[in-house]
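Good morning, colleagues. Please turn to the sequence and the structure that I am about to show.

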Amino acid sequence: MNFGISHEEAVQHLLKIWMVQNQLECQDWNIQQKWKLTKPDRNRNEEEAVHQEERKKNHNKFLPFNNVRVAPTIPIMPSPHALHKLQKGEYVELHYFTNKGLAEAQSISHSVDDNALTLLQDEQGLHSFVPIAVAKAKETVIPDHELMWPQIHR
C-alpha cells in the first residue's frame, strides 16, 4: 500500500507532531509546578503544625541522643569520697581505683543514713546486709607506696 508520502516524510511528520505535543505537555508541567509553589499546601502546613505541637508536648522524645543505645553493663565508679576529691582537684590515693577499692565503693550505699543497711560481700564471696557505718569503718585505704603491682593492674 502506498499512502502517497515517503517513509522519510512520514517520520518527519510524526516527529513534528511529537515535538509540538511534548512542548505543550512541558508547558502544562511548568504551570502545575508554579501553581504548587504559590498555592499554600494546607495538608502540609497542618502536618507541620501537628508535628510542632507534638515536639512541644514530648520534647524529650525528639532529642538528638534519644536513639543512643544503653550500655549492657553498669560502669563501676569509685567511691563518692574519691570522686568528691577529684572534683575539688585534690590528690586521690590509687587505692580507690584498684579492684579492692572499686569493690568497696560498690558495696557502700550512697545513703546519708548510717543506720541503713547495705549489701556487703565477704572474702568467701558471701553477701550479707550490714549497717552502712560498719561498711564505712571497714574501708581501709592502702597508701600508694604500699600498693603492689597485682593490686594496681586489672
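I shall begin with the chain as a whole and then consider two residues. Please bear in mind that this is a predicted model.

The chain contains six helices and two strands. Their order along the sequence is α-α-α-α-β-β-α-α. Of the 154 residues in the chain, 14% are buried. The chain exposes about 13,600 Å², and carbon and sulfur atoms supply 58% of that area. Among the contacts with a separation of 6 or more, 39% join residues 24 or more positions apart.

Let me now turn to Thr98. Where does Thr98 lie? The residue is found in the loop that runs between helix H3, residues 80-88, and helix H4, residues 99-107. Is Thr98 buried or exposed? Its relative accessible area is 4%, and Thr98 therefore counts as buried, the cut-off being under 20%. The side chain of Thr98 reaches the backbone nitrogen of Gly101, at 3.2 Å. Leaving aside residues up to four places away in sequence, Thr98 touches Leu147, Gln151 and Ile152.

The second residue is Leu117. Leu117 belongs to strand E1, which covers residues 117-121. Here the relative accessibility is 54%; because exposed means over 50%, Leu117 is classed as exposed. How far apart are the C-alpha atoms of Leu117 and Phe129? The separation between these two atoms is 5.8 Å, although Leu117 and Phe129 are 12 residues apart along the chain.

Thank you for your attention.

Terms used:
Residues numbered from 1 in each chain as written. Predicted model: local features only at pLDDT ≥ 70, side-chain atom pairs only at ≥ 80, totals over all residues. Heavy atoms only, no water. Helix = DSSP H or I, 4+ residues; strand = E, 2+ residues; numbered from the N terminus. Buried < 20%, exposed > 50% of the residue type's maximum accessible area, 1.4 Å probe, protein only. Polar contact = N/O pair within 3.5 Å; in protein donor to acceptor, adjacent residues only side chain to side chain. Contact = heavy atoms within 4.5 Å. Areas by Shrake-Rupley, 256 points an atom, 1.4 Å probe, with all protein chains shown as cover.
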